[in-house]
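These are my notebook entries on one structure. I record below what I looked up and what I found.

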Amino acid sequence: LAALERQIFDFLGFQWAPILGNFLQIIVVILGLFGTIQFRPRYIVVYTVWTALWVTWNVFIICFYLEVGGLSKVGYLSFFGFTRGR
C-alpha cells in the first residue's frame, strides 16, 4: 500500500528511476505473496532477497539525506565533479 502511494506521488514529478523501483517492488511483493500461497520456494527466496536489498537501499538514502555516519551530500557531489554555482 505504501509503495502504491509513493508511486502516485512520484508520477507527479519527473523521478522515473524511483517509479521503476516502486514498480519492481510491487511486482516482487505480488510474486512473494503468490509464492507463499502456492509454496514456491524460488519466489519466496526472490522476495526475501529483494526485500533485504530494498530496505538496505532505503536506509542508505535516509542516512544520505540526513547526513548520518559521515555521509555528506556536498562531499559526495564534489567527488563526482559536480560543484555549486557553475
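**Entry 1. Burial and surface.** I began with burial and found that 13% of the 86 residues of the protein count as buried. Buried stands for under 20% relative accessible area, exposed for over 50%, and partly exposed for what lies in between, with a 1.4 Å probe and protein chains only. The protein exposes about 7,200 Å², and 73% of this area comes from carbon and sulfur atoms. Accessible areas follow the Shrake-Rupley method with a 1.4 Å probe, and for residues only the protein chains shown count as cover.

I note the basis of the values: this is a predicted model, in which local features need pLDDT of at least 70 and side-chain atom pairs count only at pLDDT 80 or more, while totals for chains, interfaces and linings use all residues. Residues are numbered from 1 along each chain as its sequence is written, and side-chain values use heavy atoms, with hydrogens and water left out.

**Entry 2. Secondary structure.** I counted four helices and zero strands in the protein. The pattern along the sequence reads α-α-α-α. Helices (H or I, at least four residues) and strands (E, at least two) are DSSP runs, numbered from the N terminus. Helix H2 spans residues 16-38, and helix H3 spans residues 41-66.

I then looked up the record. In an unreviewed entry, UniProt lists residues 16-37 and 44-68 as "transmembrane region". UniProt positions are given in the numbering used here, feature names are shortened, and annotations may be inferred rather than shown by experiment. Over residues 44-68, I find the chain to be 92% helix and 0% strand, with the end C-alpha atoms 33 Å apart.

**Entry 3. Contacts across the sequence.** I looked at contacts (heavy atoms within 4.5 Å). Of those with a separation of 6 or more, 19% are between residues 24 or more positions apart.

Which residues does Val-28 touch, not counting residues up to four places away in sequence? They are Val-46, Tyr-47 and Trp-50. Val-28 is placed in helix H2 and counts as buried, because its relative accessibility is 10%.

Thr-48 belongs to helix H3 and is partly exposed, at a relative accessible area of 46%.

Val-29 is likewise found in helix H2. Its relative accessible area is 27%, so Val-29 is partly exposed. Val-29 and Tyr-43 are 14 residues apart along the chain, and their C-alpha atoms are separated by 9.6 Å.

**Entry 4. A nonpolar patch.** I found a nonpolar surface patch of about 340 Å², made by Phe-23, Ile-27, Ile-30 and Leu-31. Patches are made of residues with over 30% relative accessible area and no salt bridge; like charges are joined within 9 Å, and nonpolar side chains (Val, Leu, Ile, Met, Phe, Trp, Tyr) within 5 Å. A salt bridge is a side-chain nitrogen of Lys or Arg within 4 Å of a carboxyl oxygen of Asp or Glu.

Ile-27 lies in helix H2 and is partly exposed, at 33% relative accessibility. From Ile-27 to Tyr-47 I noted 9.7 Å, C-alpha to C-alpha, for 20 residues in sequence.

**Entry 5. Aromatic pairs.** A pair of aromatic rings is described by the distance of the centres and the angle of the planes. The structure holds three aromatic pairs. Rings of Phe, Tyr and Trp (its six-membered ring) pair if their centres lie within 6.5 Å; planes under 30 degrees apart count as stacked, over 60 as edge-to-face and the rest as tilted.

Phe-34 and Tyr-43 have ring centres 5.9 Å apart and planes at 45 degrees, so this pair is tilted. Phe-34 is partly exposed at 35% relative accessibility, and Tyr-43 is partly exposed at 29%.

Why is the pair of Trp-50 and Trp-54 stacked? Their ring planes are at 25 degrees, with the centres 5.6 Å apart. The two residues Trp-50 and Trp-54 are four residues apart in helix H3, so about one helical turn separates them. Trp-50 counts as partly exposed at 22% relative accessibility, whereas Trp-54 counts as buried at 18%.

**Entry 6. The loop residue Phe-39.** Most residues other than glycine have a negative phi. Phe-39 is not a glycine, yet has a positive phi of about 50 degrees. I located Phe-39 in the loop between H2 and H3, and Phe-39 is exposed, with a relative accessible area of 64%.
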